[in-house]
Amino acid sequence: MNAPLLKITDLRLGFAAGRQTLLAVDGVSFEVGAGETFALLGESGCGKSATAQGIMRLLPSAGRIVGGGVELDGQNVLALPEADMRSVRGRRMAMIFQEPATSLNPVLTVGQQIGEVLERHRDLRGEPARQRMLELLRQVGISDPERRLGEYPFQLSGGMKQRVMIAVALAGEPDLLIADEPTTALDVTVQAQILDLLVKLQQERGMGMLLITHDLGVVARMAHRVGVMYAGELVEVAPREAFFTNPRHPYTRALFAALPEVSRRGAILTTIPGQVPSLACMPKGCRFADRCRYVTPISREQWPNWRSVGEGHQVRCFYGGPMDEEEIGEHAAEVLAAAPPQPAPPTLEVQELRVHFPIRRGVLQRTVGHVKAVDGVSLSLAPGRTLALVGESGCGKTTVGKAILQLIKPTAGHVRLNGAELVGMPAGRLQDMRRDLQMVFQDPFASLNPRLRVGEIIAEGMAALGVVAGGKERQSAVAALLEQVGLPAEAAGRYPHEFSGGQRQRIAIARALAVQPEVLVCDEPTSALDVSVQAQILNLLKSLQESLGVAYLFITHNFGVVEYLAHEVAVMYLGRIVEFGSAEEVLRSPKHPYTRALLSAVPKPRLEGQQEVIKLAGETPSPANPPSGCHFHPRCPNVMEVCRSVWPETTRHEATQTVACHLYTEQKEK
Amino acid sequence: MPFQIVTLWSDGLIWLLVVAGIGFGFLIARSAPLLAAWRRVGKSRVGMASATVLVVFAIIGLLDSLHYRLKLDGGEGRPPTYAIEVLSVLDAVATPLRTHNEKTYSAPFATRLYAKETVELPGGGQTREYPRLKYGGAHLGNDEDRLPADVAGKAALGLGLAAVLWGVVAALVTASVARREKVGRGEAWRRIWRGETPFAWSALLVTSGLLLALLLPLVALAGYYHVFGTDKVGQDVLYQVMKSVRTGLIIGLVTTLVMLPLAVLLGIIAGYFRGWADDVIQYVYTVLNSIPGVLLIAAAVLMMQVVIDTNPQWFATAAERADLRLLALCFILGITSWTGLCRLLRGETLKLRELEYIQAAKAFGVSSWRIIVRHILPNLMHIVIISLVMDFSGLVLAEAVLSYVGIGVDPTMISFGTMINNARMELGREPVVWWSLAAAFVVMFVLVLAANLFADVVRDAFDPRAV
């Protein structure tokens, strides 16, 4: 290999806290060659973003570069004065950020933002600059670039903004592109577009790329080499093939094992016990030692050095013995667990549920239209079953959950719980029904009142619904609940901020379970959590279902979770369910073009089985103004004439699978 | 009893506030996040320095809020009668200052009046000269040249006393730190000055040292001289400044008492219930906000004045009348100033009500009022505390401005505003009478600066984003 483009040696970054500096990145070394993608993988707080900021020398004000070297084409970047650094940033290395919504300036047009870079680094002004901008926008796949140049960021969709951000980054024709979670904030179908774009651009220009991500699927699709970070250290560096076939560090293996997948249905997911040590008290030995199943006495005492285990494959671990193979598991989805016999009559029945939000305009606030967030959704949920409601952001799945709980008043339709109609039920009687229907929210940091103790939070529902009467009884009930979700009883006296994200989600689950509901609506309960913590929560939900017989309505966009947990799957697009069926049917033989595209767009965390992605054009339209006929027709690869005018009937296939698509209505008629 | 206790309305309110403050302190001690926030305030040096200054002002204000009327010597058997003048404990403490009235203006530390007068000579005939003051430097007799030496001597005495007192305070603080941290006194002393104690004792010691060094010489001198001079009617300016403190504090505190319930209640109702309640409340505060505040206050104060003047039988003393007008002013200021806080609270409530823990509470069927009390109000407290402390200084300044315009407190009530208003005319004469204005300005500046610095520290400590 010729000289690397970017060479990081023993980089150490810290954050000033009071008088001491806490090391967030401790001795990280790696290289990125021209035309190569190096993926930096790790869970939140492991220091991967700080590394990227350190390379760009864009650390926040408390950040300090404590030591080490960053060489770009043989030039030491850390030694440059700030004035020279400005011509390095953007010109020789550029960065794309996670959140496209906040990385563009809202008061400047797209043209001005790209033009700024062109003027600074390419010395282009006026007409040549304009031509170059148009070229750049075409390169990143933006149609009608002449018009887009004069538009402001708010006029662009999320995916479009990220494309513009990439165009801005490319304008300086950098040798190295640092992409910090470039697709985390985007939907899977848009993520697929952006990842393809990055691959294409990299091949065309021979750029080096440092990709920072927590998603093994993205790594599998993009990376040439992978570095795994844990607690501020790089613990394993491997070429892509070796990384996916033979990961050697126990932490990497645990990450793979914690992924929910079809093959692990019914099994308990492997979790990593304990938590990442805090920056202030790093153990002196191996930082993973306390959570490691292969821990050796020496790893608590000494810091492991790099050990080569293959061609370009290094690992920072003392343990060299055999490792359990089943941890990594059989990736190929062999069979879905046989669906248990269709059980008792449904607890929860939703029919033709509609939630329309009025759009008001003008001085008199007259209603000029409706946002049809939910437009005729029907579901049924039997005791002890899990129904997954899947869809991209903005499709109305959270609104369905809240409307079922009557937190949002449905515009029309029926919600029946054990035969009792909830829509329009008087508040007094609704109060009694709330016992049987509870919700777990997405963000464990926003769903617990920071001013109340955990015990008070859990007891609130019991008090409001009069489940347990006395104070003493309530206390023991709280303790029992905490034990049920795997927290110590003394947690009741502490405040939510003393707990980690996973523990908080356990508290939220305990709160919902406190009133012994029959149906639990889980609104993306794991999307804010790291993979290893997600596994803990999924295990908990699964075991609670087995012991208590709770039915889950599981709202999610994560197909791994669906495969692992769901019995039935409903796919939503723009307020309507386009496909419904048992998990087996929907995941193994998706019928609706949208389901197929969605499934193919999910990056798989493995080498083989990277099927061809069905590319969807554009993004989800606004529910305020949905397309005529079938809502999906502007993006559908199989679009027909009839799709543009008529919403398709729902047709039944196989035992339980129903699809709303003209492809199948036609077949039936034939 | 040789006196009759008089409770003015404002006295009642201010002591109620003290009681409420103590009660609030107990509540804070029970709530960990609030206690932690106040600990952060306690750790801040600026915060503790300004708090020390504020405490001195508070002591002056509280002493001035204990009122009584002296019993007059009516003779045996007759029903007791009481003096028409309502005095406070502060007046009693500062009796020499209150009673040592000169004829008219005299400069600070002067022994003679500021203007020449025609004086009858004992042997007949007249002369124009600066007459000798009745009280200022009277103990010097004819030996007026001794004045600098006398002032220096008395100030040195005061300083010496201050040093002794400060030594006692420092020893007490060190002993308490030593006991709490279970270390020797020497070690405790070192920790205090290195800022290694959980409470910013060093700032407290420095500030109290400075204050003692400033105030004790002042006390030592005040009995013999007019340290800040006298005003047009010969009243001691130092006395006036001390009396102004209470007026300023009442305006700053009682007004918030009026506006707080309005702002909190209406803000939460508007933000939480939305709908027509939100429309009505928003409409009301937008309308209130668009009327010039001074105009509204002027109209209300003038009307109040008419009511007071037509019902003289309501008031036993002039002090009661002035007090009522002060309260009316507080009330009017409260009515016009709740809108800002209300708007802030409405916005924050709008944000909070969409948060998931509120949604979760709704899913449990928790009643709206319970959600407001348990979930929303505690999460708004930091905004309330911050804006209360910030508003205080603004209100003290507003009083000065309003009294200057003539629509503030009763002209007989001493306040920073009336002092500045009275001094205004004298700035145009030659030689200039500057001390009245300067004294009012300096004291008000110190009070407002301390309040502002304290507000900054409180805001930093309570701002959830800063943690």
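**View 1. The bridge partner of A:Lys7 is A:Glu31 in E2(A).** The model is predicted: local features need pLDDT of at least 70 and side-chain atom pairs count only at pLDDT 80 or more, while totals for chains, interfaces and linings use all residues. Residues are numbered from 1 along each chain as its sequence is written, and chains are lettered from A and ligands numbered from 1 in the order in which they are written. Strands (E, at least two residues) and helices (H or I, at least four) are DSSP runs, numbered from the N terminus. Strand E1 (residues 6-17) of chain A and E2(A) run antiparallel and are joined by ten bridges; two strands pair if DSSP finds at least two bridges between them. The open sheet has four strands in the order E2-E1-E4-E5 (chain A), with antiparallel pairing. Its edge strands, which each pair on one side only, are E2 (20-32) and E5 (75-76) of chain A. Strands of a sheet pair through backbone hydrogen bonds, either parallel or antiparallel.

**View 2. Strand E9 (residues 225-230) of chain A is largely enclosed by the rest of the structure, because six of its six residues are buried.** A residue is buried if 20 or more other C-beta atoms lie within 10 Å of its own, exposed if 12 or fewer, and partly exposed in between, with C-beta atoms placed from the backbone. A:Arg225, A:Gly227 and A:Met229 point one way from E9(A), whereas A:Val226, A:Val228 and A:Tyr230 point the other way, and all are buried. In a regular strand the side chains alternate between the two faces of the sheet. E9(A) pairs with strand E3 (residues 37-41) of chain A in the parallel sense, over four bridges, and A:Val226 in E9(A) stands opposite A:Ala39. E9(A) is also joined by six bridges to strand E10 (residues 233-239) of chain A, and these two run antiparallel. A:Met229 has A:Leu234 in E10(A) as its bridge partner. The hairpin of E9(A) and E10(A) has two residues between the strands, and A:Ala231 takes a positive phi near 50° in it.

**View 3. Helix H1 (residues 48-56) of chain A is mostly covered, with eight of its nine residues buried.** The buried residues of H1(A) are A:Lys48, A:Ala50, A:Thr51, A:Ala52, A:Gln53, A:Gly54, A:Ile55 and A:Met56. Just after H1(A), A:Arg57 takes a positive phi of about 55°.

**View 4. Helix H15(A) contributes to the side of chain A that touches chain B.** In total, 19 residues of chain A are in contact with 16 residues of chain B; contact requires C-beta atoms, placed from the backbone, within 7 Å. On that side of chain A, the elements giving two or more residues are strand E18 (437-440) and helix H15 (454-465). H15(A) gives the most, four residues. The residues of this side divide into nine nonpolar, five polar and five charged; Ala, Val, Leu, Ile, Met, Phe, Trp, Tyr, Cys and Pro count as nonpolar, Asp, Glu, Lys and Arg as charged, and the others, Gly among them, as polar. Nine of the twelve residues of H15(A) are buried, so this helix is largely enclosed by the rest of the structure. Among them are A:Val454, A:Ile457, A:Ile458 and A:Met462. The cover over the buried residues includes helix H16 (471-484) and helix H17 (501-513) of chain A, together with helix H13 (356-363) of chain B. The predictor gives the complex an ipTM of 0.77 and a pTM of 0.78.

**View 5. In chain B, the axes of helix H3 (residues 45-63) and helix H9 (residues 237-273) come within 8 Å and cross at roughly 95°.** Axes are lines fitted to C-alpha atoms, for helices over the stretch in contact, and angles run from 0 to 180 degrees between N-to-C directions. H3(B) and H9(B) are therefore roughly perpendicular to each other; angles of 65 to 115 degrees count as such, those under 35 as roughly parallel, those over 145 as roughly antiparallel and the rest as oblique. B:Phe57, B:Ile60 and B:Gly61 of H3(B) meet B:Met242, B:Val245, B:Arg246 and B:Leu249 of H9(B). The residues of this contact divide into five nonpolar, one polar and one charged. Chain B averages a pLDDT of 86, and 98% of the residues score at least 70; pLDDT is the predictor's confidence in each residue, from 0 to 100.

**View 6. A:Leu574, a residue other than glycine, has a positive phi, near 50°.** A:Leu574 is found in the loop between strand E21 (568-573) and strand E22 (576-582) of chain A. A:Leu574 is buried, with 24 other C-beta atoms within 10 Å.

**View 7. B:Phe109 has a positive phi of about 60° although it is not a glycine.** The loop that holds B:Phe109 lies between helix H5 (95-99) and strand E4 (117-120) of chain B. B:Phe109 is partly exposed, with 18 other C-beta atoms within 10 Å.

Terms used
Two residues are in contact if their C-beta atoms, placed from the backbone, lie within 7 Å.
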